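Keep the viewer open as you read.

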Amino acid sequence: MQSDSLFRPFSLKSLNIKNRIVMAPMTRSFSPNGIPTDVVAAYYQRRAEGEVGLILSEGTVIDRPSSSNDPDIPHFHGERALAGWQRVINAVHQSGGAMAPQIWHMGIMDNHHSGWVPPVPFEGPSGLNRQDFVNGNTMTDKDIADTIAAFGKAAADAKRLGFDTLELHGAHGYLIDQFFWDVTNKRTDIFGGKTLPERTRFATEVIREVRKQVGEDFPIIIRLSQFKPSNYQNKLAGNPQELEAWLTPLADAGVDIFHCSQRRFWEPEFEGSDLNFAGWAKKVSGKATITVGSVGLTGEFMAAFRGESSEPSSLDELIRRMDRGDFDLVAVGRPLLADPYWVQKIREERTSELKGFTKEALGELVLG
Ligand SMILES: Cc1cc2nc3c(=O)[nH]c(=O)nc-3n(C[C@H](O)[C@H](O)[C@H](O)COP(=O)(O)O)c2cc1C
């Protein structure tokens, strides 16, 4: 396995990272009352020590009363939570890493299994989280304006605390994605519509506000997925033309990097080509892209939530696509959750030391 192409530096605007490997955002629910602890800081610092190029934090929620369905998911607002994030980014920088918070609003959710519910009902474009499942309110014009402002405030705080870039969570059926999807966006105002570009309006307004807050030189990443947890086969964009019509307004609003979430990176996005989602996104938008999905593992992540284990697997197909120029960066989730030193092991070709992934790793913040 020749992994050199993963170990070239990458620069975009003010972001400079030492290699092409990105830690994928992974919710851990180890931040009681939304406040990241010192163990959370140590967890991210360990990945910086382990030579991850860019660390994306677990999703961290904006200042809306029902932006989260879990009290242990970190907030990205409030003095104590932001002080916790300050400790995280300082620790990561101390160890030579770079990091972005993944800024999140969950939208309409299932209630948490613990029985905890936020102080007010969930909010979303039409109260829906999937087909025929209503569990919250349809957002008013004021709710939408306040939510856009809260995304902007979080972005300003990310820059102020010293993060290197930020990612907006626009994937996996959460708030921004609920606006994209016609199954969950039934609005008849300017935030709805029959076409995907029309339903992209909310995202573009969020991105414009974020850009206003962070200035021109600070890169903005948005994570997108065609699939939804309730529908793996879903395609928001059915062909390259529809993909271009979706991404162009997002790029025009200020996105620098598209993070294209798939469960398996090798799956072709459209018929007639082996290009994956990140490959097509780069081709139609001209922007930098991040690929993700079962890199270095045999099984995919949704099955991991059901307890399925994965073995280490070859990176050859990933490298083939990277060398062809399909994408710029590669996000790695579970291997880095389970092993802070995964990147070093790849670089030094210590293949026999790779661990794979078992569900036990979900139960703790693995530090060594
Ligand atoms: C425990 C866990 C938590 C996750 N939480 C998030 C999240 O907060 N935000 C997000 O965009 N994706 C989340 N994901 C998806 C990952 O970012 C990634 O896309 C997925 O795990 C596929 O990468 P992998 O096959 O390398 O693990 C999570 C995945 C796992 C395993």
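## Around the ligand

Both β4 (54-61) and α9 (301-305) put at least two residues into the shell around the ligand. That shell has 24 residues, and the ones that come nearest are Ala24, Gly59, Phe301, Gly333 and Arg334. Sorted by class, the shell around the ligand is made of 11 nonpolar, nine polar and four charged residues. Bear in mind that this is a predicted model.

## The overall fold

Zooming out, the protein has 12 helices and 14 strands. Its radius of gyration is 19 Å, close to the 21 Å that the globule rule gives for 368 residues, so the protein is as compact as a globular protein of that length. If you want a box for the C-alpha atoms, roughly 55 × 50 × 40 Å along the principal axes will do.

Of those 368 residues, 50% count as buried. Take the contacts between residues at least 6 apart in sequence: 74% of them join residues at least 24 apart.

## Helix α3

Helix α3 covers residues 141-161, 21 residues in total. From its first C-alpha to its last it reaches 30 Å, close to the 30 Å expected at 1.5 Å a residue.

Which residues of α3 are buried? They are Ile144, Thr147, Ala150, Phe151, Gly152, Ala154, Ala155, Asp157 and Ala158. The cover over these buried residues includes α2 (79-94), β5 (99-104), β10 (166-169) and α6. After α3 comes Gly162, with a positive phi near 105°.

## Helix α7 and its kink

Now for α7, residues 240-253. Still, α7 has a kink of about 25° at Leu247, shortly before the proline Pro249.

Leu247 is also one of the buried residues of α7, along with Leu243, Trp246, Leu250 and Ala253. What do the buried residues of α7 pack against? Their partners are α5 (196-199), α6 (201-214), β11 (220-225), β12 (257-261) and α8 (277-285). The helix α7 is followed by Gly254, whose phi is positive, near 140°.

## Two buried residues in helices

Ala203 sits in helix α6. It has 25 C-beta neighbours inside 10 Å, so Ala203 counts as buried. Leaving out residues up to four places away in sequence, Ala203 touches Gly170, Ile176, Phe179 and Leu250. Leu250 is one of the buried residues of α7.

Phe277 belongs to helix α8. Buried or exposed? Phe277 is buried, because 28 other C-beta atoms lie within 10 Å, and the cut-off for that label is 20 or more. Setting aside residues up to four places away in sequence, Phe277 touches Gln226, Cys260, Gln262 and Glu269. Phe265 is 12 residues from Phe277 along the chain, and their C-alpha atoms are separated by 8.0 Å.

## Positive phi in two loops

Most residues other than glycine have a negative phi. Two residues are worth a look with that in mind. Glu51 is not a glycine, yet its phi is positive, about 75°. You'll find Glu51 in the loop between α1 (38-49) and β4. With 21 C-beta neighbours inside 10 Å, Glu51 counts as buried.

Asp132 is not a glycine either, and its phi is also positive, about 60°. Asp132 is placed in the loop between β7 (128-130) and β8 (133-134). Why does Asp132 count as exposed? Because it has 7 C-beta neighbours inside 10 Å, and 12 or fewer is the limit for exposed.

## Towards the end of the chain

One last stop is Thr351, in the segment after α12 (342-347). Thr351 has 12 C-beta neighbours inside 10 Å, so it counts as exposed. Ser313 is 38 residues from Thr351 along the chain, and the C-alpha atoms of the pair are separated by 9.5 Å.

Notes:
Residues numbered from 1 in each chain as written. Predicted model: local features only at pLDDT ≥ 70, side-chain atom pairs only at ≥ 80, totals over all residues. Near = placed C-beta within 6 Å. Helix = DSSP H or I, 4+ residues; strand = E, 2+ residues; numbered from the N terminus. Nonpolar A, V, L, I, M, F, W, Y, C, P; charged D, E, K, R; others polar. Expected span 1.5 Å × (residues − 1). Bend = angle between axes of the 7 residues up to and from the residue. Contact = placed C-beta atoms within 7 Å. Rg over C-alpha atoms; globule rule 2.2 N^0.38 Å.
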